[in-house]
Amino acid sequence: MSASEESHDDTVPCVLITSCDDSFKEEELVKEILSCKTLPEPVKKEDSVTWYPWSINNKYYTADVRLCVVPSIFEMSSEIAQSSQAFIAYIDTKAKDGLEKLNPWIPIVEELSPEVLILVCERVSDDGVTRHEAQQWCLGHAFELVELNPQELPDEDDDFPESTGIKRIIQALNANVWSNVKMKDEHSQSFGLMSSLVASRHNNPHNCQDSASSNQPGGGSVSEENENTENRANTATQGNTLVGCLDAMTDLDIQELATLTAGDADVDNFERLFTKLKQMKEKASSMPHEQRKVHAEKVAKAFWMAIGGDDDEIDGLSSGEES
């Protein structure tokens, strides 16, 4: 590989794929994403880390992406860290400790702060990792849960069935605004607004991490009054931490909504728009009332800005949680 090719390869964003299940190889997900029975020639290979090429070409943009197989945290490098813009982890839900095996990755993911975070499993299990446990974990870490073969498939009579399995993974990756994206002319304006939305999160990539770390006391003895003050501050900070995590979870949803809104006014696009709205409603339904209200306001404001709305037009409409 020439120096120029190596330089170009360093700028190509990647999807970091790992498996915490010894019986499931990351390459299986790569083949599913690429819709191929045999793996393509890797672009690069270093020890057990392998980069596979993926050219995304959809209605809105084109982008060259690498599907980067990283079997363990010990294989991480600065090159992978700098180029990772999505993280997909597979776990064994038949094992009670399926989620625990993912814990070593969490500090790394929080540091990288990729836009797309997906937790993949064959299906949730009543005898291992239950649906409730998986969903609560995903809510706490801003991941989306995707079952490759869910036991309960979407109702065929549903007018707007949600996507599942590998199809959902591909949709999520296609909805991301990659750093090297090349917009197709007719959709450049709408995605430009979305890029700005994502960039705002890139500029503050550690909302959850920084808020959590600010809960740590400075050390040394403190008076009872200081302790009470610190406890009140910690309570407020914990609330901000949760909101920060929820904000991260909505990035992808807002991107997809803005894309669909800017798309052609046809029946197919209309149905996909309502499907996404239904999915977002279901995600928010598990939140306490007040958090759900604040969350809805944040989504509405971000979406309004993403489709080109003027901030002045919605100024003062919030309930006061956010200025």
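This is a predicted model: local features need pLDDT of at least 70, side-chain atom pairs count only at pLDDT 80 or more; totals for chains, interfaces and linings use all residues.
Residues are numbered from 1 along each chain as its sequence is written. Local features need pLDDT of at least 70, side-chain atom pairs count only at pLDDT 80 or more, totals for chains, interfaces and linings use all residues, and side-chain values use heavy atoms, with hydrogens and water left out.

**Exercise 1.** Find which residues touch the most other members of the largest nonpolar core.

*Solution.* Start with the term. A nonpolar core is a set of buried Ala, Val, Leu, Ile, Met, Phe, Trp, Tyr and Cys residues joined through side-chain atoms within 4.5 Å. Buried means under 20% relative accessible area, exposed over 50%, partly exposed in between (1.4 Å probe, protein chains only). The largest core has 28 residues. Phe87, Leu102, Leu119, Trp137 and Phe143 touch the most other members. Next, take Leu119. Its contacts (heavy atoms within 4.5 Å) include Ala89, Trp137 and Phe143, leaving out residues up to four places away in sequence.

**Exercise 2.** Describe how strand 3 pairs with strand 2 and with strand 4.

*Solution.* Helices (H or I, at least four residues) and strands (E, at least two) are DSSP runs, numbered from the N terminus. Two strands pair if DSSP finds at least two bridges between them. Strand 2 (residues 44-46) meets strand 3 in the antiparallel sense, over three bridges. Here Lys45 stands opposite Thr50. Two residues lie between these strands in their hairpin, where Asp47 has a positive phi near 55°. Now turn to strand 4 (residues 61-69). Strand 3 pairs with strand 4 in the antiparallel sense too, over eight bridges. Tyr52 has Leu67 of strand 4 as its bridge partner. Three residues form the hairpin link from strand 3 to strand 4.

**Exercise 3.** Locate the salt bridge of Glu28.

*Solution.* A salt bridge is a side-chain nitrogen of Lys or Arg within 4 Å of a carboxyl oxygen of Asp or Glu. The structure holds six. Glu28 pairs with Lys31, with the closest N and O atoms 3.4 Å apart. Both lie in helix 2 (residues 26-34), three residues apart, about one turn of the helix. Glu28 is partly exposed, at 37% relative accessible area.

**Exercise 4.** Explain why the salt bridge of Glu144 and Arg168 ties together separate parts of the sequence.

*Solution.* First, check the distance: the closest N and O atoms are 2.7 Å apart. Then place the partners. Glu144 is in strand 7 (residues 144-147) and Arg168 in helix 6 (residues 165-175), so the pair joins parts 24 residues apart in sequence. Last, check burial. Glu144 counts as buried at 15% relative accessibility. Arg168 is buried at 3%.
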